[in-house]
Amino acid sequence: LFKETAVKNLCETYDVVVVGAGHAGCEAALACARLGLNTICFTVSCESIAMMPCNPNIGGSSKGHLVREIDALGGEMGKNIDKTFVQMRMLNTSKGPAVYSLRAQADRKKYQMEMKHTLERQPNLYLKQAEIVDIGVENNKITSIETNVGAVYKVKEIILCTGTYLRGKIFIGENSFEGGPDGVFPANKLSKVLEKLNTVSYTHLTLPT
């Protein structure tokens with residue numbers, strides 16, 4: 001009874017729900033909002049938006065091409081690193097110009113804070129700190145998502161940008177245990193839901209392979 005009451009009181013409706021606020025989630029949420037769609041982006045922690053848990057850099061031989069494509073489409077990654085880099089250098093200069101590659105080393109915390117502020121200032125975009133634990137389906141269509149506190153959000157489209165949080169594991173030698181970037185626990189409940197949904201083809205949701 002308590003759960004049903006909570007769901008009824010907390011229910012909201014959005015055009016697009018983005019699950020995850022890493023690099024992909026930030027770009028997806030901004031793109032949707034800038035198209036005029038009422039968009040909400042969920043993250044397990046607002047302090048982990050655009051987090052760089054590994055080597056904090058943008059660019060390089062492979063990622064550099066992707067960043068330029070994002071930039072050409074009006075994305076934010078290239079603009080954000082321009083505001084927050086601590087050094088920038090051209091790689092592979094001892095080789096031919098075909099493999100020259102620009103890479104910027106980021107101030108990890110500044111990059112994260114600047115991207116978070118960009119999302120917060122964007123019209124049509126709302127941020128929520130919550131874990132998504134279930135996906136609602138009616139007549140073979142995705143219709144809603146549910147958070148770990150029982151709040152249900154009705155949606156038209158869902159974009160999954162879960163990154164390394166699905167069934168994440170940490171390996172130390174021969175030992176392993178569940179875990180994600182910066183000690184955040186993996187999204188095991190959502191992983192089970194996606195595994196179940198993957199047995200049938202649904203519209204309005206692209207399942208990760």
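Which element gives the largest share of the lining of the largest pocket? The answer is α2, with 3 residues. Before I go on, please keep in mind that this is a predicted model.

Let me stay with that pocket. Its volume is about 530 Å³. There are 28 residues in its lining, and those closest to the centre are G22, C161, T162, G163 and Y165. Helix α2 covers residues 23-34, and together with β2, residues 39-43, it belongs to the elements that each supply at least two lining residues. Sorted by class, the lining of this largest pocket has 18 nonpolar residues, 9 polar ones and 1 charged one.

Now the second largest pocket. Its volume comes out at about 220 Å³. The lining here is made of 13 residues, and nearest the centre are V67, R68, G78, I81 and L102. Four elements each supply at least two of the lining residues: β3 (57-59), α3 (63-72), α4 (77-84) and β5 (101-106). Of these, α3 gives the most, with 4 residues. By class, the second largest pocket is lined by 6 nonpolar, 3 polar and 4 charged residues.

That brings me to charged pairs. Side chains of opposite charge can pair when their charged atoms come close. In this structure there are 6 salt bridges, and I will go through three of them.

One is between K83 and E114, at 3.4 Å from N to O. Is K83 buried or exposed? K83 is exposed, because its relative accessible area of 51% is over the 50% cut-off.

E114 also meets the side chain of R121 in a salt bridge, at 3.7 Å from N to O. R121 counts as exposed too, at 54% relative accessibility.

The next pair is E120 and K116, whose side chains meet at 2.7 Å, N to O. Both residues lie in helix α5, 4 residues apart, which is about one turn of the helix. E120 is partly exposed, with a relative accessible area of 42%. K116 is buried at 19%, since buried means under 20%.

One last point on the salt bridges: those that share partners join K83, E114 and R121 into one network.

Conventions: Residues numbered from 1 in each chain as written. Predicted model: local features only at pLDDT ≥ 70, side-chain atom pairs only at ≥ 80, totals over all residues. Heavy atoms only, no water. 1 Å grid on protein atoms, 1.4 Å probe; cavity = no way out; pocket = protein on both sides within 12 Å on 5 of 7 lines; lining within 4 Å. Points joined across faces, edges and corners; volume = space filled by probe spheres on them. Nonpolar A, V, L, I, M, F, W, Y, C, P; charged D, E, K, R; others polar. Salt bridge = Lys/Arg side-chain N within 4 Å of Asp/Glu carboxyl O. Buried < 20%, exposed > 50% of the residue type's maximum accessible area, 1.4 Å probe, protein only.
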